[in-house]
Amino acid sequence: MDEKSLEMLEFPRIREILADYTSFSASRELAMNIKPLQDHARITLLLQQTAEARSLLALDRGFSIGSARDIRDKAKLATLEGILDPPSLLEVQQTLNALHDLRRYLKSISTDFPLLWSVAEEIVDLPQIEKDIASCIDPAGDVLDNASPELAGIRAQLRNTRAQILEKLEGIVKSPRGERVLQEDVITERDGRYVLLVKIENRHDLKGIVHDISNTGVTVFMEPTATVGLGNAIRELVVEERHEIEKVLRLLTAEVGAHADEITRSIELTADLDLILAKARYAIRINAVEPHILEPSADGKKNNYIKLVEAHHPLLGEKAVPFSLELGEKYSVLVITGPNTGGKTVTLKTIGLLNVMAQSGLPIPADGSSQLPIFNNVFADIGDEQSIEQTLSTFSWHIQNIVHIIGQADGRSLVLLDELGTSTDPAEGSALARALLRHFLSKSVLTVATTHFTDLKAFAHTTPGLNNASLEFDAKTLTPTYRLTFGIPGGSNAIATAARLGIPAEIINDARSLLSGNSQELESLLANLMEEKQKIAVLERDLVVEKEKLQRRSAEMDKELQRLKTEERRNLQAERDAIVQEAAELHKEIRQAATELRKEKTSARLEEAKKSLDRVRKEIATERWQPPPGTTAEEEDTTIKIGDTVRLKEAGLTGTVLTINEDSQEIEVQAGVTKMRLGLNGVVKSTPAPDKFAPAPKVPAARRVAMELDLRGKRADEVEPILDTYLNDAAQSNLSEVRIIHGIATGTVRAIVRDFLKNHPLSISFRTGRPDEGGDGVTVVKLQ
């Protein structure tokens with residue numbers, strides 16, 4: 001992409017800021033060399049990686065690459081048979097450890113952050129090198145004694161020899177002669193030799209070698225003859241120690257060199273990760289997001305479309321006024337006008353810079369709904385670089401830039417032209433500007449130009465494919481608002497701007513008097529149009545506010561309506577529970593009456609039971625037990641399962657099935673707070689509609705019951721409950737005679753049936769069935 005244009009758009013400054021967010025030199029180098037790409041898949045991946053990194057930093061703000069350093073030069077030196085010093089090897093070890101931790105952490109969160117893990121996955125773990133260096137060099141950078149057995153032995157000898165020397169020297173210091181000849185009772189070193197501080201006048205009283213004389217000349221630094229041999233031994237051991245350390249370092253260096261390619265690759269991957277994190281941190285700082293990148297079509301024309309929403313210049317911070325812009329769909333050339341110092345150049349730079357940033361894989365300070373194409377090139381002619389050396393005037397400099405742009409721009413280019421046609425005769429400059437815009441329009445080049453020429457404003461208004469836009473100017477305060485408006489050209493407001501910047505009033509008034517009538521009328525018309533547009537904008541904002549208020553009020557009313565419905569349902573449920581409780585009491589009375597009849601089958605008891613049943617039926621027939629308007633009973637009988645809602649046929653109540661006994665054909669039902677045990681044929685499955693009152697109980701009607709009951713295959717403990725329920729149902733259906741089929745077999749079921757019928761209140765008499773009725777396998781019962 002055109003480097004000169006990138007400089008005009010201040011992209012190098014973006015690189016510098018991004019580099020400041022990196023953690024080490026390798027990623028900083030990448031940041032300083034970042035450039036726009038044309039590969040849609042690559043750009044999209046870079047933006048997705050940055051989005052993922054932003055999400056990670058939102059969860060873990062302190063996440064970084066750790067203490068990793070760029071050790072590629074050290075790895076390269078290791079391959080050239082050089083020797084890395086202890087600090088360098090320690091830096092290698094610490095970096096490999098940091099890479100290991102980085103890879104392990106990203107692997108642990110790879111499910112949530114797969115793109116970051118896809119980069120870190122290729123980092124090579126080299127734990128043996130880490131271990132070997134750590135076992136030989138301490139954190140301060142010193143080679144440890146146990147780096148090798150030979151080094152440990154040499155250092156042990158050094159310690160012993162030094163101890164012998166110090167012992168001998170201390171003996172001299174503490175001796176009477178020492179007290180007489182020594183300046184101080186101090187043992188020190190000179191050139192690696194242990195010496196005593198001897199008075200100059202007593203230097204001949206102590207045999208030894210003089211290594212130095214003090215600055216004052218009163219003290220000589222003497223190595224006694226008694227320790228010279230030991231001192232020589234130390235010198236030899238020091239040389240051996242140095243050779244052994246060199247040997248250890250050489251081995252460690254060779255180990256690093258053997259893995260130089262893996263180390264270099266891992267550093268490059270770490271630099272990629274750090275750059276992704278740097279882009280994410282920068283995006284968070286400027287409140288930037290990843291725009292949608294449009295994929296180029298085969299002809300290069302489709303999807304050549306810019307949509308910026310709430311965009312602002314990344315270098316202006318909070319003082320930047322956001323703008324929205326669309327270019328390439330209804331028109332491909334945009335002419336921006338407006339007051340001086342009104343923000344035209346900033347708008348022009350923002351359009352170009354955000355496109356360049358997005359193609360470089362950088363988030364942009366705009367709304368996430370922004371969409372940008374992929375340009376082969378972005379050309380800019382902004383500023384003034386007049387050259388005295390090259391004898392170029394301002395106009396010539398601009399023309400040279402434009403000549404270059406004309407020769408390079410095509411349908412996949414973006415062209416940005418600031419103050420087009422200026423610095424020359426206005427009439428010729430305006431004509432040249434119109435011709436240039438017509439040329440770029442014919443080539444389908446997306447173009448944005450700023451101007452003050454009135455002819456150019458009219459040209460943009462009347463030419464298909466062009467459109468006007470203007471930066472607003474507040475006529476009351478005589479200051480620009482920096483808000484971009486489309487469809488209407490703006491006035492230059494040069495005189496008003498000059499007055500605001502301090503030109504004396506008498507000069508301003510004189511300038512206004514020199515303006516032609518047409519110019520004044522045009523400026524006044526543009527000012528009035530802008531003022532009316534501002535009023536419309538205010539009305540639109542007010543309408544938006546009112547709409548939001550109405551929406552909030554509507555939401556509040558919906559919420560209150562929902563609350564009232566909930567309260568209504570709660571009240572209905574409470575009333576329903578009370579009715580269920582009363583129904584349960586009535587059901588209990590019926591059961592008690594039946595029980596009493598079984599115990600004492602007398603006319604009085606039978607009459608009392610009939611009266612209780614009549615009273616219950618009358619109670620159920622009252623108005624409060626009738627269903628509310630609009631409710632209907634279930635008409636369909638389906639298979640009943642545990643948890644189903646069922647309706648009691650006799651009472652009309654609803655309840656939930658708790659248990660089912662298939663053998664006895666009985667179920668246990670929870671109705672409100674009451675539990676009841678009923679026969680399966682006494683209920684039907686029900687699906688109550690939401691927000692409706694459950695079907696209300698109603699007066700039981702005459703029911704159709706079979707003329708016979710088959711008890712064959714039933715267990716002994718199931719016979720009586722089934723028979724009792726059947727006799728009750730038969731009596732209520734006004735049957736006078738029924739057949740009980742129990743079979744012959746062992747006679748157990750027959751005995752239970754006949755014993756039970758002897759005491760049942762509804763049984764007047766019973767007999768063995770005739771041969772045509774089933775014989776001894778059937779009992780015929782005559783009912784009340």
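What share of the contacts in the protein chain with a separation of 6 or more comes from residues 24 or more positions apart?

1. Residues 24 or more positions apart account for 68% of these contacts, a contact being heavy atoms within 4.5 Å. The model is predicted: local features need pLDDT of at least 70 and side-chain atom pairs count only at pLDDT 80 or more, whereas totals for chains, interfaces and linings use all residues. Residues are numbered from 1 along each chain as its sequence is written, and side-chain values use heavy atoms, with hydrogens and water left out.

2. The protein chain contains 22 helices and 23 strands. Both are DSSP runs numbered from the N terminus (helices: H or I, at least four residues; strands: E, at least two). Of its 784 residues, 43% are buried; buried means under 20% relative accessible area, exposed over 50%, and partly exposed in between, with a 1.4 Å probe and protein chains only. The accessible surface comes to about 41,100 Å², and carbon and sulfur atoms hold 51% of that area. Areas come from the Shrake-Rupley method with a 1.4 Å probe; for residues, only the protein chains shown count as cover.

3. The largest nonpolar core has 52 residues, and Phe11, Ile306, Leu308, Ile351, Met357 and Leu416 touch the most other members. Helix 13 (residues 344-359) gives the most to this core, namely seven residues. Such a core is a set of buried Ala, Val, Leu, Ile, Met, Phe, Trp, Tyr and Cys residues joined through side-chain atoms within 4.5 Å. A second, separate core of 49 residues has Phe63, Leu89, Leu90 and Leu249 among its members.

4. Setting aside residues up to four places away in sequence, Met357 touches Phe11, Ile14, Tyr282, Pro314, Leu362, Pro363, Ile364 and Pro365.

5. Phe24 lies in the loop between helix 2 (11-20) and helix 3 (25-32). Phe24 counts as buried because its relative accessibility is 6%. Apart from neighbours within four places in sequence, the contacts of Phe24 are Ile65, Ala68, Arg69, Asp70, Ile267, Thr270, Ala271 and Asp274. Phe24 and Asp70 are 46 residues apart in sequence, with a C-alpha to C-alpha distance of 6.8 Å.

6. Strand 15 (residues 645-648) runs antiparallel to strand 16 (residues 654-661), joined by three bridges; strands pair if DSSP finds at least two bridges between them. Within this pairing, Val646 stands opposite Gly655 of strand 16. Strand 15 is also joined to strand 19 (residues 683-685) by three bridges, again antiparallel, and Val684 in strand 19 is the bridge partner of Arg647.
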